[in-house]
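User: I would like to learn how to read salt bridges, strand pairing and a domain interface from a set of coordinates. Can we work through them one at a time?

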Amino acid sequence: MTESARLLDRLLDLEQRLRHAEDRKVGFPGWSNPFPPELLPFLSHELNNYGDVHQDPVFGWHTKDLERELVTFLATLFGAGPDGWGYVTSGGAEGVMYGLWRARTLLPKARLYHSASAHPSVTRVAGLLQLETVTVPVTGSGAMDHVALEHLLRLAPGASAIVLATIGTTLTEAVDDVPHIRRALDRAGVTDHYIHADAAFAGLPLALASRTPAALPFGVHDRGVDSLSISGHKFLGAPFPCGVVISSSAPPDEIENLAGSLCGAGDLVGSSRSGHAALLLWFHIRRLGLEGLRAQAAYGRDVAQLAVRHLRAIGWDAWRSHPQALTVAFPTPPPAVLEQWPMPAVGGTSHIVCTPGVTPERIHRFVAAMAAATRTREEAPCSHPAP
Ligand SMILES: Cc1ncc(COP(=O)(O)O)c(C=O)c1O
């Protein structure tokens, strides 16, 4: 066998593995939107959106014009208004890092408050930024306990605070209540504060369910949050990790004046950024439009409802943490199911996430596997109250 034949073999093996894995992808929020053929020619071009989205590089191989349109679309959707600012990141975690970096720049002495259900990237970023953190307990739904937050804030009178609100926790898609967080800050007398919304997966479907962006409780406005981040490879189906961060205004001078700024790169976490990610996300939102994206979210919700019904019908408890949730949580399935259908298992709870790529047919196969694996059990656990 020649070297090139061996190489081809490896690629065929890889493709087969991916097709097999795709067929059982329900346990993680990514999905593979078929790559648009219109965009294939651009894979042969370097696309480097180096630096600030509002400043074009001196070279031509970038998609910053499309990135600006994408940011404007999302800033409007999340209620940020005409001063909204943002950029395409390498993923949700970079969005969190940007939000917390900005917060620490504005409030250098502030502690970071995040819920016990926050994504692990939050504590990693806090460590990198050397932020003192306070973990706030969660309620039964997995959302931040705002009464506990107020109590913890009162323990540091006169101090400033950064709050990381999780809009859709990783396990159950529980949503921290931003109006209640703001009330806790007010009641505790915290006047200097910054709120970043980590809305990696649920931010978009929730925003799309609202017809009034300016009233979105976790929107980027003066009654909501200061910045917000999403992933591009979750609800939007990009086949590679990426994301977008949106803030209420351009970066503060302290960040903008950082040394080494070429094409405004001093005010971002990275320097070279993926122009392909901006192109793909821009194309997706332009092709579907607001109504198409809304239909995509509604489809995911319908499939999630179907999954709850079918799991309960075989005697396996299942629930969603709120009526818009695309995530269906349930007691962790038996090992025979987990081997075939990979999904997280945390403290006896697992989930499936009904991204737009998860079809009713896939749900039927998953539920059939659950039924087959549990048929011999006398009784499936029903540990969680029905919502
Ligand atoms: C709530 C939440 N935040 C942040 C992240 C990290 O996002 P990414 O994997 O895009 O960096 C995730 C990933 O699952 C998440 O669920």
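User: Which residue meets Arg-294 in a salt bridge?

Analyst: In this predicted model, the side chains of Arg-294 and Glu-291 meet in a salt bridge, with 2.9 Å from N to O. The two sit 3 residues apart in helix H9, so about one helical turn separates them.

User: How many salt bridges does a search of the whole structure find?

Analyst: The search finds 14. One is Glu-3 with Arg-6, where the closest N and O atoms are 3.1 Å apart. Glu-3 counts as exposed at 51% relative accessibility, and Arg-6 as partly exposed at 42%.

User: What is the spacing of Arg-19 and Glu-15 in H1?

Analyst: They are 4 residues apart, which again means a separation of about one helical turn. The closest N and O atoms of this salt bridge are 2.8 Å apart. Arg-19 is exposed, with a relative accessible area of 58%, and Glu-15 is partly exposed, with 38%.

User: Let us turn to the domains. Where are their bounds?

Analyst: The domain assignment gives domain 1 as 11–33 + 290–374 and domain 2 as 38–286. Their C-alpha centres lie 27 Å apart. In the contact, 25 residues come from domain 1 and 23 residues from domain 2.

User: How much area do domain 1 and domain 2 bury between them?

Analyst: The size of an interface is often given as the accessible area lost when the parts come together. Here the two domains bury about 2,100 Å² between them, with 63% of it on carbon and sulfur atoms.

User: How many salt bridges and polar contacts cross the interface of domain 1 and domain 2?

Analyst: The rule finds 1 salt bridge across the interface. For polar contact, the number is 13 residue pairs. On the side of domain 1 that touches domain 2, the elements giving two or more residues are helix H9 (275–313), strand S8 (327–331) and strand S9 (349–353). H9 gives the most, with 7 residues.

User: Last, a strand. What should I look for on the two faces of S7?

Analyst: In a regular strand the side chains alternate between the two faces of the sheet. In S7, Gly-243, Val-245 and Ser-247 are on one side, with Val-244 and Ile-246 on the other, and all are buried.

User: Which strands are joined to S7 by bridges?

Analyst: Strand S1 (residues 85–89) is joined to S7 by 5 bridges and runs antiparallel to it. The bridge partner of Thr-89 in S7 is Gly-243. Strand S6 (residues 227–231) is also joined to S7 by 5 bridges, again antiparallel. There, Ser-229 has Val-245 as its bridge partner in S7.

Notes. Residues are numbered from 1 along each chain as its sequence is written. This is a predicted model: local features need pLDDT of at least 70, side-chain atom pairs count only at pLDDT 80 or more; totals for chains, interfaces and linings use all residues. Side-chain values use heavy atoms; hydrogens and water are left out. Buried means under 20% relative accessible area, exposed over 50%, partly exposed in between (1.4 Å probe, protein chains only). Two strands pair if DSSP finds at least two bridges between them. Domain bounds come from an automatic or database domain assignment. Contact means heavy atoms within 4.5 Å. Buried area is the accessible area (1.4 Å probe) that two parts lose on being put together, summed over both. A salt bridge is a side-chain nitrogen of Lys or Arg within 4 Å of a carboxyl oxygen of Asp or Glu. A polar contact is a pair of N or O atoms within 3.5 Å; within protein, one must be able to donate a hydrogen and the other to accept it, and residues adjacent in sequence count only if both atoms are side-chain atoms.
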